[in-house]
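These are my notebook entries on a structure opened today.

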Protein chains: 2
Amino acid sequence: MVLDTNKDEANSDALAALFEPRSVAIIGASANPERIGGRPIAYYLKAGFKGDVYPVNPNREEIQGLKCYPDISAIPGTVDLAILAIASTAVATAVKACGEKGVKVIVLFSAGFSEIGEAGDAMQVEVDAIARSYGIRILGPNCLGLYNGDNGNCPTFTSGLEGGFPRAGRVGLITQSGAYGTHLLTMSKSRRLGVTKWISTGNESDVTVAECLEYMIDSDSVDVVGCYMEGVKNPEILIRALKKARAAGKAVTIMKVGVSEVGSEAVQSHTASLTGSDASFQALIDQYGALRAYTTEQMFDILYAFSLSPRATGGTLGVLTVSGGAGVLMADAAEELGLTLPAMPEETQARLMKRNPLGAPRNPVDVTANALNDFPLVSENLDAMCNEGGYDLLVAFFTSLIGSPVHGEKLLKVFSDGIKEQGKPFALIGQAPVDILEKYEAAGIMVFEDPSRAVAALSALAKFNESFNQADADEGELPDIGNIELPTEKIAEDEAKALMLETGIPVPAEEVVDTPKQAVEAAERMGFPVVIKIVSADIPHKSEAGGVALNLTDASAVESAAVLMLKTVKEREPDAKIDGLLVAPMIGEGVDLIVGTQRDPVMGPVVMVGLGGIYTEILKDVAVSLAPITPKRALSLIESLRGVALLKGVRGQEAVDINAVADAVSRLSVLAVQNAQTIESIEINPLRAMPSGVIALDALILAGEQAE
Amino acid sequence: MVLDTNKDEANSDALAALFEPRSVAIIGASANPERIGGRPIAYYLKAGFKGDVYPVNPNREEIQGLKCYPDISAIPGTVDLAILAIASTAVATAVKACGEKGVKVIVLFSAGFSEIGEAGDAMQVEVDAIARSYGIRILGPNCLGLYNGDNGNCPTFTSGLEGGFPRAGRVGLITQSGAYGTHLLTMSKSRRLGVTKWISTGNESDVTVAECLEYMIDSDSVDVVGCYMEGVKNPEILIRALKKARAAGKAVTIMKVGVSEVGSEAVQSHTASLTGSDASFQALIDQYGALRAYTTEQMFDILYAFSLSPRATGGTLGVLTVSGGAGVLMADAAEELGLTLPAMPEETQARLMKRNPLGAPRNPVDVTANALNDFPLVSENLDAMCNEGGYDLLVAFFTSLIGSPVHGEKLLKVFSDGIKEQGKPFALIGQAPVDILEKYEAAGIMVFEDPSRAVAALSALAKFNESFNQADADEGELPDIGNIELPTEKIAEDEAKALMLETGIPVPAEEVVDTPKQAVEAAERMGFPVVIKIVSADIPHKSEAGGVALNLTDASAVESAAVLMLKTVKEREPDAKIDGLLVAPMIGEGVDLIVGTQRDPVMGPVVMVGLGGIYTEILKDVAVSLAPITPKRALSLIESLRGVALLKGVRGQEAVDINAVADAVSRLSVLAVQNAQTIESIEINPLRAMPSGVIALDALILAGEQAE
């Protein structure tokens, strides 16, 4: 991946100026708090920002009670941050003026740049160059700015702050889309989420989502971040931020939209269709322990759960319920999400059963409606679940009872006292007025109306715990394959296989010959049965071209197959240059895999592994990771395949050598990274995995256009 | 499936008495409106029930203002419905008294029956028998009763009616679980859902979810029903109700919990693990056009969408947005759910682009924030989408703007006027106070906060439309296979294959012999290469036992394979009775499928089809339907396989005869239904599909215990 050295940690100063400026100028300031140039001022005043706020507008003396300046140069003190709320055509001049004033960072609200096409593109490039020449960073253009609850910094015109700021808390929100960012900000208020920082990055001519994420993860006031993004501009910073988050035990959830295929070159190779940019993105976040949210509610549920709960310790779930039906529903949901519901210890069950004979103390623990006549039942069961059941996660279904005038207050006390100091994430399913919900939340208890969502939120906490535990797990060393520079011209199969051998991946003994007669001689040298394949860099799919003949058991079979092959290939691919016939012995039985790498235009090389050619393509059972990967990580990719059982021996077949597969995958990933600038894709299809060892039966290397 | 003739349409009288009684007695009536015996009376009074309500309690003269009777016999008039709010031990006597009084139906609140195990079981059977002897139907026991908004009939003690009844509307809710039913009722109020009938069936000793569904579908006041169920007691009524719903254009969504495997007999056959009862249930509702809801919110979203919207006309979606990001998000969600987003007509795009140069009029149609300064833009774009784009479904993202003091009222008018008489389902994404949401809903516009949920709700409407269109689609005739009665003793492979042939499914020519020498003679008669398999009814999986040898190309290969097979099988399966060796010619190339039937204890025979043995088992790519099915429906099952491309010819392989596969699947399903009482499962594995025709290469028939 391409490192942008302009954007290293030295630039965290600029991010600090963006989030924590001491002084702010609003170019295009308006007296009307409904207008783009007026809103930020109104917000600054309402938020009690401690720094200096300087409206700039040549037509006014005073704006919203603040002294107004005719231009930025007239401002007496220094200006850390300048907001530009002016027409796009006036931006270049204003950026120059900011540069002269020594502004560190500009929040550029103006639209009409690259989002409108060519004309806007040119203007964006121009503005960018000016800013760079002064060392100014830009947020935007076409952005809604940001909000920092820590210091009341509000360089934003989002309507999401109308009607009040979010409550105090430790959640960060980052969004590329402005309007959707407003939607998120408004939702965060109705969801009672403590959002301390919110930022919209717009066109990202300079500052990106990844940089904002790194800043938030570095910040002491943020524990969990939700990102809404359309594309990744600098994956290296995203990776660095995610690594820092994982190491610090901070959670990141990302909603990425705009799922699409890698590019047009992709069609040439099967791997391409399986490692499109969305797969690469998914691979990245899987690898570094962020959680993908597929809907806005999923994202909010994760933020809500992580911001309220203690860190999970594992994935066992205890279910407490007054309804057998709800218990079953939650058990179904938990199983689906990979949580387990171990039974309560036998003695505990016996004791609880004696105490409440109509109950079901196994897990789900159904206390039945009896709990309402006998509140200590609830505490006793909850306590037993925490201390004897030892569950990592707890969920309790008490429906509208928690909001009931009769039972509500009592239940609040039972649960708040019961969960205190247990250190376990606890989700309650129920319906209640907001004031009661707030009391539960103040006690560190989540409340959901939908049981399935509660269980999903708990499972997210378990996944974060798993990822935090892996933060410094020993991943092992990358294999040393030496320094192999792949050719950038078309590479024929025999050459590709020789390169695989050099990489440390076994290939069959084989010979390339020119005539059917030579094929027979070669076959007689290596012993029957043999296979013959056409050798031509112009024919990526040999079977369709009639260029493959298998299981040839004697000389006459080899000769007639070779004659037919040359004839058929000539007919089907008249323009292909034929370099000969490859003769090789038939290989022992095993399971065929497909292993490949593909250059993602953003992420760089990704590596994939799947089962069997046709099944990989049609059933899409493949695992993908950013390259390079260690054999240990390759093994975990292989283990994640739905069809992994095929490798472990089913119905009397012998298990194959999974470690050898992992080694080959790892080596191929290293090769791809070494040649990231020149090679589009490498594919071994099939890689035959045998009870001992693997062998690459076919290899295809596609060079891309020479990259920068 | 077993038809319970007791529960035919003649019994709709009893359901009518349950939902529309003219007179109600409450046995165990209480003066305290918080108690189980007091709540229904309070609800009846509050709901303004027009019929007679008779509290029964020997200790009181008057209860909640109504005259109280010492026992049911003392009530002057007739009693249609009796509520029993008494201890379980008193129920039998009370039911007798009800019988003597001529009560038609009892709502049995009391718990302590089959849900607590054996002791309760016995009591339930006793109560049932008494009720049956008087011709009384029972709702419950262990149920929370029901609510009918049409007439204020409230024989229920659910706390879900505390704080008010649901608003008027055309939604029905049916729930097995009482406590979860209360949760649903409470949610339906916070979701502003017009629930006119709600019922909880509890233990279902008599009245079931399916019967209640049929009653609601027959009712003029219900358009859409949500069911929460744990198991299906009478699938034949469920099917009848779903067929009626589909024919009437009424929507049914079902949430079924407690996903589990068929039974212990299942392990004997591979099919079993794939057609567990949840798969059968899914097959049933797929077949009859209901929609499965996997979460409570999904169910509510479907009910909300169907109750507010006109019927969908197809699956094209028009997306109107003020945010490019939100547009992409919705496009992603729509594609995922099978909706399509065709582009607006070129001329329309050109016109709209001219009108709003910063907009994007393709689809998603992004009007940008300009819309706020120029409201006619919204109307013009919406109008163009309806009339020129011609979309079946519409969604619009306007975030908190719809609740904005400045823009809210104007947007409400634009959208209400704009969608009026277009006859299209329309979902709006936004945030607003409840009073504004209610105005949108009154105009037939759904409002969601989460765009993904809005798109999912629209896609549900498209699916219902599809299902309604299929209500009277010609499904064709079942194949006539004659009357084949399968043996109920263990059936060996050769016999099973002969039965397949009789059913009209081709099998290989083959001979069964006793010795290796005879095997060689048979092979010489039929021509090489051949396969040999062990013949034994005791060995279901022959490969593991060493009982299969393929591709034997000459006499010596046949002889040595046969000798080795007899030896290996003897070692591995010493107890199996060996009936000989089956010799058959090797079959032509093609694609191997697995086709089977399995008796579901509830649904009766189900039929499944999948690709290849190992891939079916491990990748679970199978399609399931209740049997019998026509070849047309079999074809649509096959088309639904993820791997169907394998059958249509990939990478130069010839397409196979899908119609012949469908015919075999259909014939097998008819055979299973003919033998539903005696046969547990039939499996053809593999069924080889060739470019022309199919052939059953192995067949296994398992007889069950003789059923009733």
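**Interface and helix packing**

I began with the salt bridges in this predicted model: the count between chain A and chain B is two. I looked up one of them, in which the side chain of Arg453(B) meets that of Glu297(A) at 2.5 Å, N to O. I then turned to polar contacts across the interface of chain A and chain B, where the rule gives 16 residue pairs, both residues at pLDDT 80 or more.

Next I asked which elements of chain A supply at least two residues each to the side that touches chain B. I noted helix 5 (178-190), helix 9 (296-308), helix 10 (324-336), strand 16 (393-399), strand 17 (426-430), helix 15 (451-469) and helix 19 (613-619). Helix 5 of chain A gives the largest share of that side, seven residues. By class, I recorded 26 nonpolar, 22 polar and twelve charged residues on the side of chain A that touches chain B.

For the extent of the interface, I noted that 60 residues from chain A and 60 residues from chain B take part in the contact. The two chains bury about 4,700 Å² between them, with 59% of it on carbon and sulfur atoms.

I then examined chain B, where helix 3 (residues 91-101) and helix 4 (residues 118-134) pack at about 5°, their axes 9 Å apart. Helix 3 of chain B is therefore roughly parallel to helix 4 of chain B. Among the residues making this contact I listed Val91(B), Val95(B) and Lys96(B) of helix 3, and Val127(B), Ile130(B) and Tyr134(B) of helix 4. The residues of this helix contact divide into seven nonpolar, one polar and three charged.

Definitions and conventions. Residues numbered from 1 in each chain as written. Chains lettered and ligands numbered in written order. Predicted model: local features only at pLDDT ≥ 70, side-chain atom pairs only at ≥ 80, totals over all residues. Heavy atoms only, no water. Axes fitted to C-alpha atoms, helices over the stretch in contact; angles between N-to-C directions. Helix = DSSP H or I, 4+ residues; strand = E, 2+ residues; numbered from the N terminus. Parallel < 35°, antiparallel > 145°, perpendicular 65-115°, else oblique. Contact = heavy atoms within 4.5 Å. Nonpolar A, V, L, I, M, F, W, Y, C, P; charged D, E, K, R; others polar. Buried area = accessible area lost by both parts, 1.4 Å probe. Salt bridge = Lys/Arg side-chain N within 4 Å of Asp/Glu carboxyl O. Polar contact = N/O pair within 3.5 Å; in protein donor to acceptor, adjacent residues only side chain to side chain.
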